[in-house]
Each structure stands twice: as structure tokens, then as C-alpha cells.
Amino acid sequence: MSTGELHPSVQQFKAFVDQHPSVKNQLRKNHKLIQSYYEKFMILGEDDPFWENLPEDDKRSESTKKMDWLKQLGVLMEDVNWEEVSKQIDELNGAIGQFQQFMTDVRKTREKDEQEFEYPYY
């Protein structure tokens, strides 16, 4: 056997994985499972019920979940009172503006205090 060839049992496992999409999907999700799945394949064989009990990776169900989430988001957006949101944003902008003005006044007061506290010349 040359260095480029796989052991016959590894070739059998590879063919088994190619024929079983649920096994292939599990191995793609978690590459650390390869060794344990190979060992189970060698001990249990390919007809064991273990291979049938693996969860199916259905991409359609994922896209359905995404669509359901988008539908829920759309329903929530319909229920939002946008005029109230606009008022809240305006109030927040006003509060931020007042805080900025307060900070500017504090700085000016500090600068005046520092200027007034000059050491007298003796």
C-alpha cells in the first residue's frame, strides 16, 4: 500500500459517510466527531440503529425559522407608534443638548476660577 492510499476500512467509512447525509452533516458541524464515528462504524457496522437516530440537518427548517422571525419583526413594527417614538427621540435630543450646555457652563466657570486664582506679586 502506497502512502497516498487510504486503508480499506477508512475507504469504507468514507463511502458510508457519503451515502448518509445526516452523518455527513454531523461531521461538518463538529469535526471532532470523526474519530468516534469511525470507531462506532467499525464496532457497530453500518446497519446499526445508531446511524438512523442522528438528527437531520434540514436547511429548509432554518430558512423557515428565519422567515418566521422576520414575520414576527414585521408584526412588531406595525404595532409601533412612530409618532410616539419621534417624540421620545426629540425629548432625548433636548436632554442631551441641556447636558452639553451644562458641561460647557461648568468648564467656563472652572476657567474663570483658575484665572481669578493668580498668585499676587510681592
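These exercises walk through a predicted model of one protein chain.

**Exercise 1. The overall build**

State how many helices and strands the chain has, and in what order its elements run.

Solution. 
- Step 1: Count the elements. The chain has five helices and zero strands.
- Step 2: The order is α-α-α-α-α.
- Step 3: Look at burial. Of the 122 residues in the chain, 11% are buried.
- Step 4: The chain exposes about 11,000 Å². Carbon and sulfur atoms supply 55% of that area.
- Step 5: Residues 24 or more positions apart account for 48% of them.

**Exercise 2. Helix 2 and its cover**

Find which residues of helix 2 are buried, and what covers them.

Solution. 
- Step 1: List the buried residues. In helix 2 they are Ser22, Val23, Asn25, Gln26 and Leu27.
- Step 2: Identify the cover. It includes helix 1 and helix 3.
- Step 3: Check glutamine 26, which sits in helix 2. Its relative accessibility is 12%, so it counts as buried. The cut-off for buried is under 20%.
- Step 4: Find its contacts, not counting residues up to four places away in sequence. Glutamine 26 touches Leu33, Tyr37, Leu54 and Pro55.

**Exercise 3. Aromatic rings**

Say how many aromatic pairs the structure holds, then describe two of them.

Solution. 
- Step 1: Count. The structure holds seven aromatic pairs.
- Step 2: Take phenylalanine 13 and tyrosine 38. This pair is edge-to-face, with 5.5 Å centre to centre and 80° between the planes.
- Step 3: Take tyrosine 37 and phenylalanine 50. This pair is also edge-to-face, at 5.9 Å centre to centre and 85° between the planes.
- Step 4: Tyrosine 37 lies in helix 3, while phenylalanine 50 lies in the loop between helix 3 and helix 4, so the pair ties together parts that are 13 residues apart in sequence.
- Step 5: Compare with the cut-offs. Tyrosine 37 has a relative accessible area of 5% and is buried. Phenylalanine 50 has 24% and is partly exposed.
- Step 6: Join the pairs. Ring pairs link Phe13, Phe16, Tyr37, Tyr38, Phe41, Phe50 and Trp51 into a cluster.

**Exercise 4. A loop residue**

Locate glutamate 46 and describe its surroundings.

Solution. 
- Step 1: Find its place. Glutamate 46 is in the loop between helix 3 and helix 4.
- Step 2: With a relative accessible area of 42%, glutamate 46 is partly exposed.
- Step 3: List its contacts, leaving aside neighbours within four places in sequence. They are Phe16, Phe41 and Trp51.

**Exercise 5. The surface**

Find the salt bridge, then describe the nonpolar patch.

Solution. 
- Step 1: Count salt bridges. There is one.
- Step 2: Name the partners. Lysine 24 bridges to aspartate 18, and their closest N and O atoms are 3.5 Å apart.
- Step 3: Lysine 24 is partly exposed at 25% relative accessibility. Aspartate 18 is partly exposed at 49%.
- Step 4: Turn to the patch. Met67, Trp69, Leu70, Leu73, Met77, Trp82, Val85 and Ile89 form it, with about 790 Å² of accessible area together.
- Step 5: Trace its sources. Helix 4 (59-79) and helix 5 (82-116) each supply at least two residues. Helix 4 gives the largest share, five residues.
- Step 6: Check one member. Isoleucine 89 is in helix 5. At 46% relative accessibility, isoleucine 89 is partly exposed.

Methods:
Residues numbered from 1 in each chain as written. Predicted model: local features only at pLDDT ≥ 70, side-chain atom pairs only at ≥ 80, totals over all residues. Heavy atoms only, no water. Salt bridge = Lys/Arg side-chain N within 4 Å of Asp/Glu carboxyl O. Buried < 20%, exposed > 50% of the residue type's maximum accessible area, 1.4 Å probe, protein only. Patch = residues over 30% accessible without salt bridge, like charges linked within 9 Å, V, L, I, M, F, W, Y side chains within 5 Å. Areas by Shrake-Rupley, 256 points an atom, 1.4 Å probe, with all protein chains shown as cover. Helix = DSSP H or I, 4+ residues; strand = E, 2+ residues; numbered from the N terminus. Contact = heavy atoms within 4.5 Å. Phe/Tyr/Trp six-rings, centres within 6.5 Å; stacked < 30°, edge-to-face > 60°.
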